[in-house]
Amino acid sequence: MNQLGAGIAITGVGSAKPETVLDNHHLSQMVETSDEWIQTRTGIRQRRLLDAQGSLSEMASAAAHKAMAMAGLSPVNLDLIILATSTADDLFGSACQIQASLGASNAVAFDLTAACSGFVFGMVTAAQFIRTGVYRNVLLIGADVLSRWVDWSDRCTCVLFGDGAGAVVMQANQQDRLLGFEIRSDGNQNGSLKLAYDARTQEIVKGVTVSRGCYQPITMNGKEVYRFAVQKVPEVIDKALFWANLTTDQVDWLVLHQANQRILDAVAQRLKIPSEKVLTNLSNYGNTSAASIPLVLDEGVQQGKIKPGDIIAASGFGAGLTWGSAIFQWGR
Ligand code: UT7
């Protein structure tokens, strides 16, 4: 127990990726780009794409099953499911569909939208319910299918994104393993990265107009988002480490939102964290938005790099603009 209430442990992780691979050579047949440009500027070689029949809920449920198996937790014992996503199958939310498909009959479920920061924001949200003693067993999923919203003729954005899902189980625990966090937003920079509502006027009766629902593809000012990330991410990690009463040299693994290898390198450099401690799988999956942190976390655990007790500094950043960091120890 910590002073605030129940301690928290992250006891399971799992991920799911679609089968279809789109590599940089495919993209160079679609837009004026090259494997060389994409790899040099982003570090991405290929990404996975969900096919037209696939659903976000199925992919998220597959990741959730693996995380729960690792935690040794049965779906009926879940109290809460949080789905961090910007690309729900249903604008009303997809968390309840996942609850039904898992058979998590005792869990309340809802979606949380904070773009590429969604997983970290979800972790902090889940923590509030556990700390206060309201819930003991929480499933947090980060999942996105940005391929549905990419403009495949825009070379500035279409080379960046991929689809995927990752999940963690967070449980009340005697030892508190969530050591510190900090989350931030700045709506003044909202225009830098958008998946905007496209209002098309429809007159439903004389004199009464409404807008007909539709969304535009993703638009981004890459340079601005890049600058923002490189400046704000080290700051927010430093702040979360301060709350955790830790210094950067005590961090075992830097687990950043996988947006661009150059951003990962620059953040690590600013924090003076050596590159061996930076987890990356960007070259295989691209930017999978809310899924990227649990995807790379799962890979780190599966590969035996991350061990129980290791200190992880995670940080997400993206549209909103939003950014945040959570510092936690892996395992019970
Ligand atoms: O999830 C969080 C959200 N996203 C991010 O974190 C993305 C942050 N931004 C970035 O990662 C980088 O800004 C990009 C990878 C998007 C772009 O890299 P850059 O080094 O900032 O390139 P740029 O936008 O300054 O573009 C340089 C040139 C331009 O040509 P001109 O104007 O110099 O002739 C672009 O038109 O590269 C051109 N360009 C491309 N060329 C070949 C842009 N995209 C491509 C492309 N292939 N795919």
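Let's start at Ser-289. Leaving out residues up to four places away in sequence, Ser-289 touches Ala-115, Cys-116, Asp-144, Leu-146 and His-257. Keep in mind that this is a predicted model.

Where does Ser-289 sit? In the loop between α9 (282–285) and α10 (292–302). Buried or exposed? Ser-289 has 2% relative accessibility, so it counts as buried. One of its neighbours deserves a second look. The side chains of Ser-289 and Asp-144 are joined by a polar contact of 2.9 Å.

Next, Asp-111. This residue belongs to strand β5, residues 108–112. Its relative accessible area is 25%, so Asp-111 is partly exposed. The cut-off matters here: buried means under 20%. Which residues does Asp-111 touch, again not counting those up to four places away in sequence? Leu-83, Thr-85, Ala-88, Gly-93, Ser-94 and Ala-95. Two of these names come back at the backbone. A polar atom of the Asp-111 side chain lies 2.9 Å from the backbone nitrogen of Ser-94. The Asp-111 side chain also reaches the backbone nitrogen of Ala-95, at 2.8 Å. For a sense of scale, take Ala-259, which is 148 residues from Asp-111 along the chain. Their C-alpha atoms are separated by 22 Å.

Now the cysteines. How many disulfides does a search of the whole structure find? The count is 0. Take Cys-158, which is in no disulfide. The nearest cysteine sulfur belongs to Cys-156, 8.8 Å away.

On to the surface. Ile-204, Val-205, Val-208 and Val-210 form a nonpolar patch there. Together they have about 320 Å² of accessible area. Which strands supply the patch? β10 (200–205) and β11 (208–212) each give at least two residues. Val-210 is in strand β11. With a relative accessible area of 36%, Val-210 is partly exposed.

Last stop, His-25. Helix α1, residues 24–30, holds this residue. His-25 is partly exposed, at 46% relative accessible area. Glu-36 is 11 residues away from His-25 along the chain. The C-alpha atoms of His-25 and Glu-36 are 9.6 Å apart.

To recap two points. The Asp-111 side chain approaches the backbone nitrogens of Ser-94 and Ala-95.

Definitions and conventions:
Residues numbered from 1 in each chain as written. Predicted model: local features only at pLDDT ≥ 70, side-chain atom pairs only at ≥ 80, totals over all residues. Heavy atoms only, no water. Helix = DSSP H or I, 4+ residues; strand = E, 2+ residues; numbered from the N terminus. Buried < 20%, exposed > 50% of the residue type's maximum accessible area, 1.4 Å probe, protein only. Disulfide = S-S within 2.5 Å. Polar contact = N/O pair within 3.5 Å; in protein donor to acceptor, adjacent residues only side chain to side chain. Contact = heavy atoms within 4.5 Å. Patch = residues over 30% accessible without salt bridge, like charges linked within 9 Å, V, L, I, M, F, W, Y side chains within 5 Å. Areas by Shrake-Rupley, 256 points an atom, 1.4 Å probe, with all protein chains shown as cover. Salt bridge = Lys/Arg side-chain N within 4 Å of Asp/Glu carboxyl O.
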